[in-house]
Each structure stands twice: as C-alpha cells, then as structure tokens.
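Please read the points below with the model open beside them; they concern side-chain packing and ring geometry.

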Amino acid sequence: NEFDLRYVANTKTFMVKTAKGLQDLNKWMTGNMTTDVFKGKIKCDPANYVFNITEGSTNAKKQNITLAANITLPTVSNGESNWIPIQYYQGTFNGSNKTIRNLTIVDGTLSNIGLIGCLLSEGKVKDVNLENVLIDSRSKVNPPYNKIGGIVGYSYADTDDDAEVSGCTVSGKIWGGFSCVGGIVGCTENDNFIRDCTLVAGSELDAKDFTVGGIVGAMGTNCKVYNCNVSAKIGSYESETAGGIVGRAGSGTRIEKCETAEGSEVKGNMRVAGILADSNSSSTNTCKVIDCINRSNVRLDMETSYEEYIGGIVADGNNIDITNCTNYGALTSDDAVYMGGIIGKGPSCKLENCTNMETATLTVTSKTSDQYTRLGGIIGYARYLVQVKGCMNHAAINHTYNRLKSCIGGIVGEMYNY
C-alpha cells in the first residue's frame, strides 16, 4: 500500500509520504496544478470519495497535512531551489516528528519565505523537523523586504484567532538581504504563539541591514515565545538588529523560559542582545521577558554613526519588564555604546531578580567614537521611570576608552530623569 499522497476525507487531511507527494500538494494548494491533474496523483480514503476541491482556493489552503514518513527533497545545483513556499496556509501541518531534509530556497524575489510562506489565522504547524536547510534571499541586487523563517516566513493572525508554531526544530543556514529573519518564524503579527521550538547547534542566521532572531525575527502585538532554545551563530556586522531569541518585539509581547546555549554567538551593528535586541512597547501593554537565560557571547561590531546598544538579555527596551533572567555570556564592543549586563538602555523599564554572572564580562575598547559610553553591570543607561529590585552583578567591567565621556557603574552606568 505504498503511496505518495493520500487524502483522508473525514479529517480533511493529506497524508504525505514522499518528496514528490509534498511537492505535488504544494503545487495544487498554490494553484499551480489543476484539480483534474491532482486527482490522478492521490489516493482517497474512502476510495469512492469524489475529490473536487478547487486548486488554490481558500478551502484548499484549509486542508490539513500530516507527514507519514521522513522526506528528503532532491539535491539541486548551487543557486537553484527545490522548494517554493506554501503560501497562505490555514490548516494544521502535523510533522509527526518526522524530518524534511535539504529544503533549499535561493530566491530574492519572494516576500514570505520558508517551508510555509504565510501562516494565517487558526493555522498551526507542529512537530516538524527541518534538517540541512538552505535559504538565501541575497541573490537579487535590490530585493524586496523579505520575511524569512525556516518553518514560516510570515505568521499573521486576527486578534481572536491565534496562529501557532510548536515543537519544531531547524538546522541549517538562513541568509536574508533586506530582511526579517528568524530560525523558526521570520515575522509574526497579532496573537501568535511560538513554543517548544529549537534552532539546532551549527545553524547560522543573518539579515543584512535589518533584523534577525534565533527563533523569531520580529513579533507584533501580543505575540508570545515560550520554552524555545537556540544554539547557533546569529547575525553579523551587517545585521542592524540581532537577538539570540527575538530580534524585535512590540507591545504586549512575552518571551518566557527561553535559552541560548554556550558556544552560541550573536553579532550586529546597532542593537545586539542575548535574548531580545529591541522592544518598543506602550506603557499600558508592556513587553515581558521572564525566566530567560543567555549563555551566548554577544558582540557589537559598530558600522554606523547612530547610537548603539548591547545587553546580555535586552539591548534597547522601551516599556519592558525583565524578571528572573540570567546572563552568562560575555559582552564586547570596540567602540562607545550603551552596554548593560542585563539591558543596554532601558527607558521606563522594570528589572527584578536578574543576575549578571561572573563569566559575563563587559568589555569596551574604543577606537574612534566621540560618543559617550554608558556601561553598567545591570543597566547601561537608565532613563525615566526605571525600577531595579533584587538584581546582582558578579562580572568584571573592562573599559580602556581613553576619553572622559564615560559613565560606568557596577549596577547602573547612568541614570537620567530617574
């Protein structure tokens, strides 16, 4: 009873067993294969079921998918692709803890890039393992703004209808041009939930000129990331914003019980942090980072004339609450910065029971900048309504800047309008 693709009518589920079956299903869902042709490629359960769903329709995009076996996509030459993202998916993609190997997308013209390009309200992806992924959108000279993730490029949900990605792992390399890049999801918007996901050791992520995060590149209002782990190299000197777990986060977002592993690296040129690089929340709907641990080394390679921020947990956080977080990773910059063992710059932030450990040394060796350095074991620059409670710094602070424009403290570098 071998099959490439079987449709179980009573559960609206496609059972996929081979690479050919997965590729044929993708073509039909995106409207690139007619239903008449597609019917000749599937088996139905029950056998007398009349399959008549229109290709590329909304109904087609709501069908469920379950992997029935490990799948290896075909080998392709350098610069070629073996996968076109499933666009606008709204069903449940159940990986059954099976593995899809060698997914390759080399294309700078697509807007939403991943196994699934765009996951819509009520859409779910669970228990999918991607191994040896290669996604590269840098090939176009002037690419569009891309949202790139190993599992999902762009996940959008209406306010009351969550989209969810859970139990997924990714290993490989994901490189973006002017992009929002995440190891699991590139960009989320409105009430998304990403949980129990892992970016596997040896993976590499980069986003030239924009944002990159080990799990999510950027997440919008009320999105959540829970119990996710990263062991990878995140960003480069070309990455504007780089976070070990999340690049950017909006109002009402929550990052909880997430961890970056020892041996990981996070690099960027403007906002760089072990957990979250940048948060810009409203005072009535704050971003929350809870019970997170950073073990990655964090480095700011400054290539701009703007203000730069680096933190063991958060780089730049506006209206953010950080609770029970610990940093073990060393922080390094060659030039003047806002640097903090927990947060680099914290306008209107609250920190409680956070620790910067002995291994988390803070080092600034200035080369050319005339900007001030604010350097603190917990907060580099505390501005406006800032609260610090039960926090400890055990790390050394090394500063060889030969100018007088420096504010350095074991807990706080500088307080302004405190």
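1. Contact here means heavy atoms within 4.5 Å. On that basis Val289 touches Ile255, Ile275, Leu276, Ile313, Val314, Ile320, Asp321, Ile322, Thr323 and Cys325, leaving aside residues up to four places away in sequence. A second, separate core of six residues includes Cys118, Tyr154, Cys180 and Ala218, a nonpolar core being a set of buried Ala, Val, Leu, Ile, Met, Phe, Trp, Tyr and Cys residues joined through side-chain atoms within 4.5 Å.

2. This is a predicted model, in which local features need pLDDT of at least 70 and side-chain atom pairs count only at pLDDT 80 or more, while totals for chains, interfaces and linings use all residues. Residues are numbered from 1 along each chain as its sequence is written, and side-chain values use heavy atoms, with hydrogens and water left out.

3. The structure holds twelve aromatic pairs (rings of Phe, Tyr and Trp, the last by its six-membered ring, with centres within 6.5 Å; planes under 30 degrees apart count as stacked, over 60 as edge-to-face and the rest as tilted). Tyr7 and Tyr49 form a tilted pair, at 5.8 Å centre to centre and 40° between the planes. Tyr7 is buried, with a relative accessible area of 1%, whereas Tyr49 is partly exposed at 30% (buried means under 20% relative accessible area, exposed over 50%, partly exposed in between, with a 1.4 Å probe and protein chains only).

4. The rings of Phe14 and Phe51 have centres 6.0 Å apart and planes at 70°, so this pair is edge-to-face. Both Phe14 and Phe51 are buried. Ring pairs join Tyr7, Phe14, Trp28, Phe38, Tyr49 and Phe51 into a cluster.
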